[in-house]
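Here is a short briefing on one protein model. Read it with the structure open.

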Amino acid sequence: MTTQQTRPEVSAVVVTWNSNSDIVECLTSLERELAPLPSEIIVVDNGSGDGTVETVRAVAPAARVIANPANRGLAAANNQGLAAARGSIVLICNADVVFRPDSVRAMVDLLGRHQRAGWVVPRILHEDGAVQTSVGDLPSLGETLLGRQVARRRAPGDRSGFWWDGWAHDAELMVGRGFECAYAVRRSALNDVGGQDERYVLDWEGFDWAERFHRAGWEIWFTPNAEVVHFGGTSRRQVPFRSVVSQHRGMYLYFSDRGPKARKPFLALAFTTRAAVKLLLTALGVPLYRWAHRDRRRGA
């Protein structure tokens, strides 16, 4: 870890919200991986009420903590961390992520080898070692409305569509976008693209940001040489109904910003209807996310 006077190479930004059950493993692995590098850790807490801030200060006293009095949303909190970060590379991650050995170095190395790489995504694993789909293309309206279960009917290993489900995630290549539980971005790309859109409270801020990276001429890469374990679902489980609403509001914002204004009433109706169905399924106890099944094995 660097001193305040030394400029870090890597700034890690971790946004927390009632993350006390996850943050110790995350910070322990992150400190281990950052130790060989000039680095800093910035934790932005969104008004946790479970002692997360106190735990962070006890476990990682060198980390800078930004404690918000209330939950500002993920994009706004990420922007707070980005504004505070001093590194030429910013590593952004959720609190429910554990970094495997040499994962940060592998992402830094990729950014060094590909000068137009603005964003790099690691290989993401479930706790049992199974590969979690990490990448895909930028979303189309049709795929978004039909949902991921329809997309999974493609041939195994097909590298096309919203999510590349079934692909082994075993090759380094450019992608359309990546799962935002852990990723590294280049400072010069941040300066070019700007921060995340704070209208997105939770979900779809990453889709919007990825599209803006591409529009500005920056590449998004995946590397299997960096691995993280993602436990998943910590925030969503606490507010399942709010998560569904926020997700669909994000979908509406994304597509309403990228098409003719005349279709906005259709988008509003389509995503409201889709949200209503998801809310009903949530109320009936139907699991909507893959990691809901994994969490039971973790004892969550």
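Two strands pair if DSSP finds at least two bridges between them. One such case is strand 11, where Tyr183 stands opposite Ile92. The model is predicted. The protein has 300 residues, and 55% of them count as buried. It holds 12 helices and 12 strands.

**Overall build**

- Among contacts with a separation of 6 or more, 78% are between residues 24 or more positions apart.
- The accessible surface comes to about 12800 Å². Carbon and sulfur atoms account for 55% of that surface.

- Strand 11 covers residues 182-186. Five of its five residues are buried, so the strand is largely enclosed by the rest of the structure.
- Both faces are covered. Ala182, Ala184 and Arg186 are buried on one side. Tyr183 and Val185 are buried on the other.
- Strand 4 pairs with strand 11 in the antiparallel sense, over five bridges.
- Strand 6 (residues 117-125) also pairs with strand 11 in the antiparallel sense, over two bridges. Here Val120 stands opposite Ala184.

**Nonpolar cores**

- In soluble globular proteins, nonpolar side chains tend to be buried together.
- The largest nonpolar core in this model has 50 residues. Val14, Leu30, Ile41, Leu91, Phe99 and Trp204 have the most contacts inside it.
- Helix 4 (residues 103-113) gives this core its largest share, six residues.
- What does Phe99 touch, leaving aside its neighbours within four places in sequence? Its contacts include Ser29, Leu30, Arg32 and Glu33. Leu91, Cys93, Val104 and Met107 are also in contact with Phe99.

**Helix 2: one buried face**

- Helix 2 spans residues 52-59. Its buried residues are Thr52, Val53, Thr55 and Val56.
- Seen down the helix axis, these buried residues fall within an arc of 160°, so they line one face of helix 2.
- The face turned away from the buried side carries the exposed residues Glu54 and Ala58.
- What does the buried side of helix 2 pack against? Its buried residues pack against strand 1 (10-16), helix 1 (23-34), strand 2 and strand 3 (64-68).

**Salt bridges**

- The structure holds 13 salt bridges.
- Arg86 pairs with Glu40, and the closest N and O atoms are 3.2 Å apart. This pair links distant parts of the chain, 46 residues apart. Arg86 sits in the loop between helix 3 (74-84) and strand 4 (89-94), while Glu40 sits in strand 2 (residues 39-46).
- Asp109 and Arg105 meet in a salt bridge at 3.7 Å, N to O. Both lie in helix 4, four residues apart, about one turn of the helix. Asp109 is partly exposed at 37% relative accessible area, and Arg105 is partly exposed at 34%.
- Asp257 and Arg199 meet in a salt bridge at 2.4 Å, N to O. This pair also links distant parts of the chain, 58 residues apart. Asp257 is in the loop between helix 10 (240-256) and helix 11 (264-283). Arg199 is in the loop between helix 7 (187-193) and helix 8 (205-215).
- Asp257 counts as partly exposed, at 39% relative accessibility. Arg199 counts as partly exposed, at 34%.
- Asp208, Glu211, Arg212, Arg215 and Arg258 form one network, joined by salt bridges that share partners.

**Ser246**

- Ser246 lies in helix 10. It is buried, with a relative accessible area of 13%.
- Leaving aside neighbours within four places in sequence, Ser246 is in contact with Val201 and Leu202.

Conventions: Residues are numbered from 1 along each chain as its sequence is written. This is a predicted model: local features need pLDDT of at least 70, side-chain atom pairs count only at pLDDT 80 or more; totals for chains, interfaces and linings use all residues. Side-chain values use heavy atoms; hydrogens and water are left out. A nonpolar core is a set of buried Ala, Val, Leu, Ile, Met, Phe, Trp, Tyr and Cys residues joined through side-chain atoms within 4.5 Å. Buried means under 20% relative accessible area, exposed over 50%, partly exposed in between (1.4 Å probe, protein chains only). Contact means heavy atoms within 4.5 Å. A salt bridge is a side-chain nitrogen of Lys or Arg within 4 Å of a carboxyl oxygen of Asp or Glu. The arc is that of the directions from the helix axis to the C-beta atoms. Accessible areas come from the Shrake-Rupley method with a 1.4 Å probe; for residues, only the protein chains shown count as cover.
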